[in-house]
Amino acid sequence: MTRKLPIYQVDAFTDRVFAGNPAAIVVLDSWLPDATLQAIAAENNLPATAFLHHEGAHCALRWFTPTVELPLCGHGTLAAAYVILTLRDPGAPRVVFDTKAGKLIVTRHGSGLALDLPLNRAVPCAPSPALAAALGKAPAALLTTRNYLAVYDRADDVPALTPDFAALAQLHCTGVIVTAPGSDGVHCVSRYFAPALGVDEDAVTGSAHCTIVPYWSGRLGKSTIVARQVSPRGGALTGEVCGDRVVLAGEARLYLEGTITL
Amino acid sequence: MISVGYVTVDVFTRTRFAGNPLAVIPDARGLGDAEMQRIAAEFNYSESTFVLPPDDAANSARVRIFTPTDEIPFAGHPNVGTAFVLGRQGNLFGRPVSDLMQFEERAGVVEVALVRDAGQVVGARIAAPRPLEISHVIDAETVAACASLRIEDFPPDGLLPVMASVGLPFALAEIASLEALARARPNGAAFALADQRYPHADDHFALFLFHRASEDAGRVRARMFAPLSSTPEDPATGSAAAALGARLLSLRREADLDAELVVDQGIEMGRPSTISLNLKKIAGVAQPVQVSGHCIEVMSGMLKI
């Protein structure tokens with residue numbers, strides 16, 4: 001029997017289409033086998049495909065890359081919330097998702113949306129010659145958590161990096177965040193490389209900002225951090241530290257609306 | 001903001017989520033070159049097509065083909081998939097769709113025939129737009145480096161690796177075993193060097209590996225790598241299969257021939273695909289290779305740009 005499901009594609013953490021980080025959102029009337037979810041995500045061939053299922057007042061949410069299920073995906077959550085709060089339930093003030101990473105709450109924030117994520121603080125570590133070589137330029141400071149956080153002095157240093165991704169993939173970390181101070185009202189710029197996860201460079205990364213925002217908040221003594229991810233597609237976020245959580249705010253734009261036939 | 005209709009299909013398969021995905025914009029009027037390129041990048045499929053009214057009213061449509069990075073002159077699965085989509089929609093710029101269509105493309109006019117089963121459009125057949133052109137003989141070391149293989153993985157009595165085109169160029173290289181074919185991995189740095197050594201105006205260096213159980217086998221197993229065009233591996237490549245078919249046809253001694261060749265591709269990457277070729281010679285003259293395949297609809301809707 002032919003079954004049709006609504007599908008949306010949203011560019012997250014941007015105010016224009018063809019920028020930010022794209023995610024597909026598929027709305028399910030009942031859960032499908034995991035192999036089918038994975039096949040849909042592989043077909044979409046996007047950084048993330050999110051699957052939504054309303055269960056009473058709750059909304060269950062799962063995220064898949066073209067090859068694996070993700071434990072947490074910030075941009076996929078923002079994109080899913082955009083679909084609910086602007087298209088499917090435009091009167092609702094917020095949406096609560098049940099996910100493998102626990103409850104995630106997205107609220108309206110100005111013209112955009114705000115997403116509450118667990119903070120992930122990086123701590124200083126010894127310089128890594130292997131990391132400096134792979135990045136092609138030694139950072140001024142190095143910190144670590146799940147990811148390395150390599151801090152440069154000048155905003156121009158970050159977009160100029162041309163990393164050796166094969167070498168980065170050999171390092172013992174999930175990925176590498178590179179960051180530097182921004183200018184003109186922007187507090188920091190960053191990029192995120194995760195070749196070990198099969199993503200040489202991610203366009204805009206919510207989870208990386210759970211580390212970037214507390215770092216710059218502490219260093220600059222500011223509660224709110226205006227951040228730009230300076231990947232080729234580019235993205236804009238605002239972050240605020242709230243105890244052990246980081247609230248990330250950003251815009252999103254609908255690129256595609258359709259139906260998928262199963 | 002404008003709304004633009006789109007359809008996605010899996011090409012060279014009867015099974016959804018197998019074959020080669022394609023996005024089709026069945027009416028691309030009003031889109032500029034830069035927007036087409038951005039849409040192709042956003043879909044992130046190996047190709048997306050944009051259908052426009054023909055320049056010459058005798059033809060059916062103008063079809064432009066974009067990879068995520070470039071516009072290309074011709075390709076196989078985009079033609080088969082585009083014909084299927086237009087055949088299913090039944091009309092084209094206000095005219096009924098005919099079972100025989102002519103698509104204007106940068107490589108020339110491509111003849112397309114719909115394939116039906118019990119009246120329903122299930123696929124399409126295309127003729128390669130250009131005669132076989134061999135632009136380079138490729139050294140085996142270059143192929144080995146690109147595919148992360150060893151020289152011993154090439155059969156000693158196999159076909160010489162060449163760059164061949166019937167509309168889009170591919171380095172065609174014969175591999176000695178299915179085991180070696182499964183072991184092949186694209187090496188991006190080696191592709192960049194190969195692209196410098198064997199440049200072609202029509203496309204970046206792309207490698208089509210094939211294995212034949214025997215010289216007269218009616219089935220071939222293949223894989224295609226094009227990391228320089230944002231396609232590390234392609235599940236089904238009609239234009240490369242057609243170039244291989246034309247090359248094999250050129251080596252046949254018969255003056256008259258009408259043979260079928262089936263290319264199985266995409267198996268190693270979990271997207272099995274079946275490309276059917278018709279190889280024909282009449283009185284010693286090779287006819288354009290015909291490429292046919294089935295398609296299945298996956299998604300449809302509107303883009304908001």
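This is a predicted model: local features need pLDDT of at least 70, side-chain atom pairs count only at pLDDT 80 or more; totals for chains, interfaces and linings use all residues.
Trainee: Which residue in the turn of the hairpin formed by strand 18 of chain B and strand 19 of chain B has a positive phi?

Mentor: Strand 18 of chain B is joined to strand 19 (residues 285-286) of chain B by two bridges, and the strands run antiparallel. Ile282(B) is the bridge partner of Val285(B). Two residues lie between the strands, and the one with a positive phi of about 50 degrees is Ala283(B).

Trainee: In strand 20 of chain B, which residue is the bridge partner of Leu277(B)?

Mentor: Strand 18 of chain B also pairs with strand 20 (residues 290-304) of chain B. That pairing is antiparallel, over three bridges. Leu277(B) in this pairing has as its partner Val291(B).

Trainee: Which residue in strand 20 of chain B does Gly258(A) stand opposite?

Mentor: Strand 20 of chain B is joined to strand 18 of chain A by five bridges, with the strands antiparallel. Ile260(A) stands opposite Met299(B). Gly258(A), in turn, stands opposite Gly301(B).

Trainee: Which element gives the largest share of the side of chain A that touches chain B?

Mentor: The contact takes 17 residues from chain A and 15 from chain B, where two residues are in contact if their C-beta atoms, placed from the backbone, lie within 7 Å. Helix 1 (34-44) and strand 18 (252-261) of chain A are the elements giving two or more residues to the chain A side. The largest share, eight residues, comes from strand 18 of chain A.

Trainee: How many residues of domain 2 of chain B are in contact with domain 1 of chain B?

Mentor: Chain B is assigned domain 1 (3-129 + 294-304) and domain 2 (133-287), with bounds from an automatic or database domain assignment. Their centres, taken over C-alpha atoms, are separated by 24 Å. Domain 1 of chain B brings 21 residues to the contact, and the number from domain 2 of chain B is 22.

Trainee: And which element gives the largest share of the side of domain 1 of chain B that touches domain 2 of chain B?

Mentor: Three residues make up that share. They come from residues 76-89 of chain B, which form helix 2.

Trainee: How far apart are the axes of helix 2 of chain B and helix 6 (residues 238-250) of chain B?

Mentor: Axes are lines fitted to C-alpha atoms, for helices over the stretch in contact, and angles run from 0 to 180 degrees between N-to-C directions. The angle for helices 2 and 6 of chain B is about 120 degrees, and the distance between their axes is 5 Å.

Trainee: Which residues of helix 2 of chain B make that contact?

Mentor: Helix 6 of chain B contributes Gly238(B), Ser239(B), Ala241(B) and Ala242(B). From helix 2 of chain B come Gly76(B), His77(B) and Val80(B).

Trainee: Are helix 3 of chain B and helix 5 of chain B roughly parallel or antiparallel to each other?

Mentor: Helix 3 (residues 140-147) and helix 5 (residues 188-197) of chain B pack at about 150 degrees, with axes 8 Å apart. Angles under 35 degrees count as roughly parallel, over 145 as roughly antiparallel, 65 to 115 as roughly perpendicular and the rest as oblique. Helices 3 and 5 of chain B are therefore roughly antiparallel.

Note on methods. Residues are numbered from 1 along each chain as its sequence is written. Chains are lettered from A and ligands numbered from 1 in the order in which they are written. Helices (H or I, at least four residues) and strands (E, at least two) are DSSP runs, numbered from the N terminus. Two strands pair if DSSP finds at least two bridges between them.
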